Amino acid sequence: MFSWLKCLSSFPTVPSTSQITFSRAISSTSISFEWSNVTGADSYILFVEKLFSSPLEQFNWTFTALSGQIEGLAPSTTYNCYLYSSNSAGRGAKRKTPVFSGEVLQPPSGVSLVSTGKSTARVTWDAMMTWGLVFGANLYRATAVDGTDASLNCTSASTSCQISMLKCGEKYEVRVTAISDDCTSTSNTSALFETSEPTVIADIPVFHDSARFNWTASIGVVFYITVAEDANGARLTCTSNTVNNCNITSLPCGRKYNVTVTYNDGTSLSVPCGPENVTANVSCGTGALTVAWGISVPADNYTTKISRAVGQPLHCNSTDMQCTAEGLVCGSSYVVNVFSITGTCISLPSADVTVQTFPCAPANISTNLLCGTNDLVVNWSSSSVPLNYSVKVVALAGNISSLTCDTKHANCSLSGLQCGQTYNVSVKASSKSCSGPYSQPQTTIFSLFDLLPNLASQGATSYTARVTGPHGFSKTCSSSNLTCFVSDLQCASQYNVTVTAQDGHCTSSTTHTVISTGPCDPANVTSILQCGSNMATVSWDHAAGAVGYTVSARENHTQHLAGEGYLNSCPTTNTSCAFQNLPCGLDLNLTILAQGAESIATANDGHNYTCNSTSSNSCNLTGLPCGENYTITVVTVDGGCWSEPSSAVVLRTGKGTLEAKVFLIFRRIRSHGSLHFSNKSTLLSQLPARLLT
């Protein structure tokens with residue numbers, strides 16, 4: 001008979017044992033592990049037992065991954081470690097032998113430091129070691145960290161090592177760790193250390209013109225440099241590499257010196273020697289500053305500081321004994337200092353050297369025309385330091401020479417500018433060593449113009465004429481062109497005319513001329529008709545300013561619609577005139593014209609000279625320049641009307657000729673009356689004369 005067992009549910013079994021594949025002490029208090037995967041395991045339990053502890057000290061950690069790290073272990077202690085695999089059915093079997101039995105590294109203690117130079121220090125420590133088969137320190141590392149977290153270190157198999165390249169005047173925290181093939185310990189203790197200069201000056205006995213300088217020696221120093229500097233920056237030096245003293249000779253008497261001693265420890269210059277004999281020069285062309293110097297003991301590199309009263313300083317770095325800096329501000333005074341740099345240490349600055357950059361272009365330039373003297377005054381802002389200035393005035397058009405003016409002041413006056421010209425005005429400043437650039441040109445119009453007869457003046461915007469004459473007559477007229485009108489002049493009178501040109505700022509010099517008005521109209525005109533002989537005699541009173549007369553008899557146009565009809569004239573220099581053989585039955589209009597005259601002489605350059613006559617047939621032209629050809633014409637004038645000019649006559653003045661006599665040929669001017677002739681030959685009443693304007 002058989003029995004059957006039917007399982008209604010399934011149950012997992014515990015997993016098998018996992019194998020540890022890697023273990024390593026990674027610090028004085030921690031160990032890292034890795035192990036193999038086990039099928040059916042959900043987690044892994046790591047047990048740690050402190051060997052030889054009583055009662056037994058045991059710790060455990062549970063991991064779900066295939067690696068883990070345990071913390072909080074005691075340094076320099078042996079542990080047995082076991083691993084279990086686990087799931088919901090329970091833990092697997094315990095491994096019968098420990099998988100790890102060893103000792104983590106103990107960090108060194110008793111850390112201390114001793115300065116061996118300005119940039120070096122020796123670190124020592126106590127090595128409380130227990131050497132094991134696998135885990136044991138074979139090296140030590142000392143690490144110094146400054147305030148910026150920058151670190152320096154040294155490594156040794158003994159209990160000390162020397163850290164180099166320490167910065168001057170820096171605070172360091174130093175820690176030491178132990179190192180094995182597999183592990184680096186923690187660092188439980190640290191030491192603080194501050195770099196500083198040793199005590200250097202002990203005694204300074206002086207003998208006549210020499211002095212011996214003594215100092216306390218420093219460990220690790222290769223040689224010393226002693227520098228004595230007076231108040232003016234003059235330096236004397238001596239060096240020593242065997243003893244803690246040296247002599248400086250040739251000391252001038254009566255001076256006080258500041259003495260410093262620097263040293264070299266064989267790895268880097270603790271305090272480099274400062275540069276000497278610094279020179280600074282500014283290029284006038286580019287504005288760049290070139291600095292050069294000498295040095296008694298070479299350094300790694302050099303930094304030049306270029307500073308002025310305001311703004312950030314400029315710096316120039318170089319490995320040679322010169323450097324060039326750009327970007328300096330014009331018209332500024334800079335102080336130049338040079339520093340030597342070796343490693344992380346910087347020397348004292350060199351003595352101050354002051355340099356002046358090239359002058360800036362002057363600003364706030366203004367111009368002013370002096371109307372009374374025909375000078376141009378240029379002004380600008382002055383500099384805070386004494387400078388020389390040059391003003392340049394250049395015409396924009398025409399073949400006109402430039403004008404210059406040099407001065408030590410902030411203004412300058414120039415003469416000799418041509419009227420009506422447009423000029424560019426610019427100014428530059430110069431020091432003893434450099435000339436600066438010219439300022440931006442400022443345009444100005446020099447409008448102190450000359451006024452030429454019958455010609456427009458360059459730069460003029462308006463003209464004013466003033467006419468004065470008999471009985472206090474005075475009138476003015478203005479115009480923007482070359483013509484203006486004055487009324488109410490008297491006939492047969494002379495008037496003085498002056499004309500000036502203006503531009504809104506200045507008024508030109510005055511040009512002057514004399515004009516004569518035309519003759520007055522004849523008055524008291526009478527006519528006598530002699531009926532039997534068909535003759536008529538016309539008479540009148542002498543007209544002021546007249547030198548001749550023309551009487552015209554013209555038939556009344558109402559009688560002849562076609563053609564001009566009868567026309568006859570009678571020229572005379574007397575005050576009467578007779579018409580012969582008059583046609584009968586005509587109405588005649590009589591016109592009497594009084595005649596004056598004016599002569600015009602035109603020179604080769606277009607200038608005109610005039611003279612007038614109201615009483616004879618000649619006048620004198622005066623003020624003619626010597627050695628010129630003149631073309632002379634004569635016109636007759638009545639009021640504001642001129643006749644056509646006569647035929648021209650050419651005259652050449654001699655070397656001493658200043659006057660020419662001109663004979664006038666007269667033509668008729670206007671004045672009229674009328675007379676009626678009837679077929680009954682009756683005498684009509686006389687007609688009054690009137691002035692035509």
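Predicted model: local features only at pLDDT ≥ 70, side-chain atom pairs only at ≥ 80, totals over all residues.

**Salt bridges and beyond**

Author: The side chains of K475 and D488 meet in a salt bridge, with 2.8 Å from N to O.

Reader: Is K475 buried, partly exposed or exposed? And what about D488, buried or exposed?

Author: K475 is partly exposed, at 30% relative accessible area. D488 is exposed, at 57%.

Reader: Why would two such side chains pair in general?

Author: Side chains of opposite charge can pair when their charged atoms come close.

Reader: How many salt bridges are there by this rule?

Author: The count is 2. Besides K475 with D488, R175 and E173 form a salt bridge, at 3.2 Å from N to O. R175 is partly exposed with a relative accessible area of 33%, and E173 is partly exposed at 32%.

Reader: Back to β38. Which sheet does it belong to?

Author: An open sheet of 4 strands, in the order β38-β37-β39-β40, with antiparallel pairing. The edge strands are β38 and β40, each of which pairs on one side only. From one strand to the next, the twist averages 20°.

Reader: How many bridges join β37 and β39?

Author: There are 7 bridges between β39 and β37, which covers residues 462–469, and the pairing is antiparallel. One detail from that pairing: T468 has N496 in β39 as its bridge partner.

Reader: What holds strands of a sheet together, in general?

Author: Strands of a sheet pair through backbone hydrogen bonds, either parallel or antiparallel.

Reader: New topic, disulfides. How many are there?

Author: The count comes to 9 by the rule used here. One of them joins C491 to C520, with 1.8 Å from S to S. The link of C491 and C520 is right-handed, with 85° about the S-S bond.

Reader: Where do C491 and C520 sit in the chain?

Author: In distant parts of the chain, 29 residues apart. C491 is in the loop between β38 (473–479) and β39 (494–502), while C520 is in the loop between β40 (511–516) and β41 (523–530).

Reader: Is C520 buried or exposed? And how does C491 count?

Author: C520 is buried, with a relative accessible area of 16%. C491 counts as partly exposed because its value is 22% and buried means under 20%.

Reader: Which other disulfides can you show me?

Author: Another joins C405 to C412, at 1.3 Å from S to S. C405 is buried at 12% relative accessible area, and C412 is buried at 5%. C570 and C577 are also joined by a disulfide, at 1.3 Å from S to S. The C570 and C577 link is right-handed, with 130° about the S-S bond. C570 is buried at 13% relative accessible area, and C577 is buried at 5%.

Reader: On to strand β11. Which of its side chains are buried?

Author: The side chains of β11 (residues 139–145) alternate.

Reader: Which strands does β11 pair with?

Author: β14 (residues 171–179) runs antiparallel to β11, joined by 7 bridges. In β14, I179 stands opposite L139. β11 also pairs with β12 (residues 151–156) in the antiparallel sense, over 6 bridges. There, T143 has N153 in β12 as its bridge partner.

Reader: What is between β11 and β12?

Author: The two form a hairpin with 5 residues between them. In the turn, D149 has a positive phi of about 70°.

Reader: Last topic: the largest nonpolar core. Which residues touch the most other members?

Author: A280, L289, V291, W293, V336 and V355, out of 25 residues in that core. The elements giving two or more residues to this core are β18 (223–229), β22 (276–282), β23 (289–294), β24 (301–307), β26 (322–325), β27 (333–342) and β29 (353–356).

Reader: What does V336 touch?

Author: Leaving out residues up to four places away in sequence, V336 touches A280, L289, V291, T304, K305, I306, A351, D352, V353 and V355.

Technical notes: Residues numbered from 1 in each chain as written. Heavy atoms only, no water. Disulfide = S-S within 2.5 Å. Buried < 20%, exposed > 50% of the residue type's maximum accessible area, 1.4 Å probe, protein only. Salt bridge = Lys/Arg side-chain N within 4 Å of Asp/Glu carboxyl O. Core = buried A, V, L, I, M, F, W, Y, C linked by side-chain atoms within 4.5 Å. Contact = heavy atoms within 4.5 Å. Pairing = 2+ DSSP bridges. Axes fitted to C-alpha atoms, helices over the stretch in contact; angles between N-to-C directions.
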